Amino acid sequence: MSSLDQPLILGIETSCDETGVGLVRGCELLGDEVASSVDQHARFGGVVPEVASRAHLEAMTPTVRRALDSAGVKLADVDAIAVTAGPGLAGALLVGVSAAKAYAMALGKPLYGVNHLVGHVAVDQLEHGPLPKPAIALLVSGGHTSLLLMRDLATDVQSLGDTVDDAAGEAYDKVARLLNLPYPGGPPIDRAAREGDARAIRFPRGKWGDGTYDFSFSGLKTAVARWVEDTVRDGREVPVNDIAAGFQESVVDVLTRKAVDACLEHGVEHLVISGGVAANSRLRALAEQRCAEAGINLRVPRPRLCTDNGAMIAALGAEVVAAGLPPSSLNLATDTSLPVDRPLAA
Ligand code: KG4
Ligand code: ZN
């Protein structure tokens, strides 16, 4: 079947600080536009929910317009609307869901409220084609760190483990703050680490070898804070690059080890890594090395698709439509803590 035979899905994402609009047919990405309010949050060192909501409101219709134009389609061509129903910030989610309801009503097309976390995994299909079943997914973002057993993107997602405290991205953001690096912390730490020696300082590996697929990063963050404090107290210069490299090595060591272990234990040959932290160069390199050693086929979307975007929501919408699941009602509610095992919210 050519992708033209498949429905055109408009995806809307507003769970955090990116207004994302994507257009997808099946596994084909037609349009992907993102308006970010990250600059407005930078001086606060984290996302300010009210500021994000207002920015979504302002960016929504222009971003939809840009996505339609870049895809070369008209609003009337859209067959279904998918929107992030959760998890995410309450006010931010509400803007996207309200807009999606308005488009669905105006166009007389079905509405699907979908799960942001599963969308992060679904987006890989736009780059590497249909996800083999089953696959293990390592989802690493600013708000979540999970290992998932994916038997079917639309209908069967099982959580194997989660972070018990900070998410991996959150740890990057907090450690960046300790090192006086800008927000969001992932990209500057990634860059600093390339200039540092990852073996100069060995930081603790949370929940290493504990027999679970859970993660913990708050002890690591505290260890970095102590290191910085001690260095400053002793009047020595803080070795930012070495700290960044040592911190990053601890994070990616645990992430990749547990992901590979999950594949081996469940007899799954395919691993997909996604979410904002999957843009990390060291995580990508170490995952590649360890998967090759273990005979696991690794899929990681390009960095642009790893961070929040609307194409990931359209990609999951396409799966949900293809699975024949019923559309959401126009009373669809947002759910700030929508569990990952519910790809379709309601
Ligand atoms: O998936 P995402 O865009 O938003 C959420 O759903 O949370 O992830 C954002 C997170 C931030 O914490 C950011 O610091 C992190 O992804 N991030 C990275 C990199 N690029 C973004 N972390 C490590 N290395 C990177 N290159
Ligand atoms: Zn995300």
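Start by selecting K207: at 28% relative accessibility it counts as partly exposed, the class between buried (under 20% relative accessible area) and exposed (over 50%), with a 1.4 Å probe and protein chains only. This is a predicted model, in which local features need pLDDT of at least 70, side-chain atom pairs count only at pLDDT 80 or more, and totals for chains, interfaces and linings use all residues. Residues are numbered from 1 along each chain as its sequence is written, chains are lettered from A and ligands numbered from 1 in the order in which they are written, and side-chain values use heavy atoms, with hydrogens and water left out.

You'll find K207 in the loop between α7 and α8 (218–233). Helix and strand labels here are DSSP runs, H or I of at least four residues for helices and E of at least two for strands, numbered from the N terminus.

Now hop to N180, in the loop between α6 and α7 (186–195). Here too there's a positive phi on a residue that is not a glycine, about 60 degrees. N180 counts as exposed, at 73% relative accessibility. Why flag such spots? Because most residues other than glycine have a negative phi, and most peptide bonds are trans.

On the peptide-bond side, select G86 and P87: the bond between them is cis, with omega near -10 degrees. P87 sits in the loop between β4 (80–86) and α3 (90–107). Then go to K133 and P134, joined by a cis peptide bond with omega about 0 degrees. P134 belongs to the loop between α5 (124–128) and β6 (135–140).

**The zinc site**

Next, pick the zinc ion (ligand 2). Which residues coordinate it? Show H116 (NE2), H120 (NE2) and D308 (OD), at 2.0 to 2.1 Å. Donors are N, O and S atoms within 2.8 Å of the metal (3.2 Å for Na, K and Ca), and water is not among the atoms, so sites may look incomplete. Along the sequence, the donor residues read H-x3-H-x187-D.

H116 lies in helix α4 (residues 116–122) and D308 in the loop between α11 (303–306) and α12 (311–322), so this pair ties together parts that are 192 residues apart in sequence. Colour by accessibility and H116 comes out buried at 6% relative accessible area; D308 is buried as well, at 14%.

**Helix α6 and its partners**

For the last stop, show α6 (residues 168–178) with α9 (residues 240–266): the angle is about 175 degrees and the axes are 11 Å apart. Axes are lines fitted to C-alpha atoms, for helices over the stretch in contact, and angles run from 0 to 180 degrees between N-to-C directions. The two helices are therefore roughly antiparallel; that label needs over 145 degrees, while under 35 is roughly parallel, 65 to 115 roughly perpendicular and the rest oblique.

The angle with α6 is about 5 degrees, with the axes 10 Å apart, which makes α6 roughly parallel to α8. Select K174, V175 and L178 of α6 along with K221, V224, A225 and V228 of α8 to see the contact.

Note on methods. Contact means heavy atoms within 4.5 Å.
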